[in-house]
Amino acid sequence: SDFTVFLNLPISTNQQYEDKKEVVVEEFSFEKKRILLAEDNDINAEICLSVLNAKGAFVERVENGQVAVETFKKHAEHYYDLILMDIQMPEMNGYEATQAIRSLNREDSQSIPIFALSADAYVENKRYSKKMGMNGHFSKPIDFDEMEKELGQFFSRRDIDEKTYKLSIPYLGKVAVVTVVSFSCAISAYQLLTTVLSFHRDQKH
């Protein structure tokens with residue numbers, strides 16, 4: 001017989017265990033993806049629209065961060081698959097717009113992927129974009145093939161984090177099945193449950 005224990009635990013600090021789960025990167029496609037593009041430069045916007053539309057995406061372009069926030073708000077939750085956000089824009093820049101979207105009281109405000117578009121390509125610029133609530137940073141001029149690859153890696157990692165995993169632990173001729181919310185906490189779940197079961201077994205003797 002089986003019994004299931006639902007656990008939501010932090011990653012184990014024991015260094016002898018390592019999360020060696022490999023992320024299988026699925027091929028990403030822009031086909032039928034709804035994208036909100038915030039870009040004030042007409043030439044840059046035209047290039048993005050041309051390439052992304054040719055790849056099958058549905059792209060809606062706005063000219064500044066303020067309009068990006070308003071456009072995101074007026075659509076239903078989960079309408080957009082992705083936001084491409086220029087940094088230097090009038091009215092409201094990309095960082096401010098991202099923080100405004102993240103602060104909205106709606107289900108998809110935290111989960112919508114937002115990626116920066118910027119001529120600044122230094123590591124510190126990319127780190128700052130993530131600090132401001134963005135999921136990544138693409139440098140201009142944009143390599144759209146590289147963008148597809150990085151987006152594939154991003155969505156594959158996110159899919160892994162959203163899945164649940166099970167650990168089967170032998171116990172007195174039975175099997176304890178532990179369901180954990182992500183692979184990264186599996187070791188902590190295993191350690192806790194085996195400790196509890198060991199204590200219970202000792203009490204019976």
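**Fold, cores and helix packing of the predicted chain**

Along the sequence, the chain runs β-β-α-β-α-β-α-β-α-β-α-β-β-α. It has six helices and eight strands. Helices (H or I, at least four residues) and strands (E, at least two) are DSSP runs, numbered from the N terminus. The model is predicted: local features need pLDDT of at least 70, side-chain atom pairs count only at pLDDT 80 or more, and totals for chains, interfaces and linings use all residues. Residues are numbered from 1 along each chain as its sequence is written, and side-chain values use heavy atoms, with hydrogens and water left out.

Of the 205 residues in the chain, 40% are buried. Buried means under 20% relative accessible area, exposed over 50%, and partly exposed in between (1.4 Å probe, protein chains only). Among contacts in the chain with a separation of 6 or more, 64% come from residues 24 or more positions apart. A contact is defined by heavy atoms within 4.5 Å.

The largest nonpolar core holds 22 residues. Such a core is a set of buried Ala, Val, Leu, Ile, Met, Phe, Trp, Tyr and Cys residues joined through side-chain atoms within 4.5 Å. F72, I83, M85 and I101 touch the most other members. At least two residues of this core come from each of β2 (34–38), α2 (65–74), β4 (82–86), α3 (94–102) and β5 (114–118). The most are given by α3, with four residues. I83 is in contact with L36, F72, I101, I112, P113, I114 and F115, leaving aside its neighbours within four places in sequence. A second, separate core has 20 residues, including I35, L82, L84 and L151.

Two packed helices are described by the angle between their axes and the distance between the axes. For α2 and α3, the angle is about 20° and the axes are 8 Å apart. Axes are lines fitted to C-alpha atoms, for helices over the stretch in contact, and angles run from 0 to 180 degrees between N-to-C directions. The two helices, α2 and α3, are therefore roughly parallel to each other. Angles under 35 degrees count as roughly parallel, over 145 as roughly antiparallel, 65 to 115 as roughly perpendicular and the rest as oblique. The crossing of α2 past α3 is right-handed, that is, the near helix is turned clockwise from the far one by less than a right angle. G65, V69 and F72 of α2 make the contact with A97, A100 and I101 of α3. Five of the residues in this contact are nonpolar, one is polar and none is charged. Here Ala, Val, Leu, Ile, Met, Phe, Trp, Tyr, Cys and Pro count as nonpolar, Asp, Glu, Lys and Arg as charged, and the others, Gly among them, as polar.

V67 is also placed in helix α2. V67 is partly exposed, at 30% relative accessibility. The C-alpha atoms of V67 and A97 are separated by 8.9 Å, with the two residues 30 apart along the chain.

Some backbone features lie in loops. K32, in the loop between β1 (2–7) and β2, has a positive phi of about 65° although it is not a glycine. K32 is exposed, with a relative accessible area of 61%. E91 lies in the loop between β4 and α3. Its phi is positive, near 70°, and E91 is a residue other than glycine. The relative accessible area of E91 is 69%, and E91 is exposed. K140 and P141 are joined by a cis peptide bond, with omega about -5°. P141 is in the loop between β6 (136–139) and α5 (144–162).
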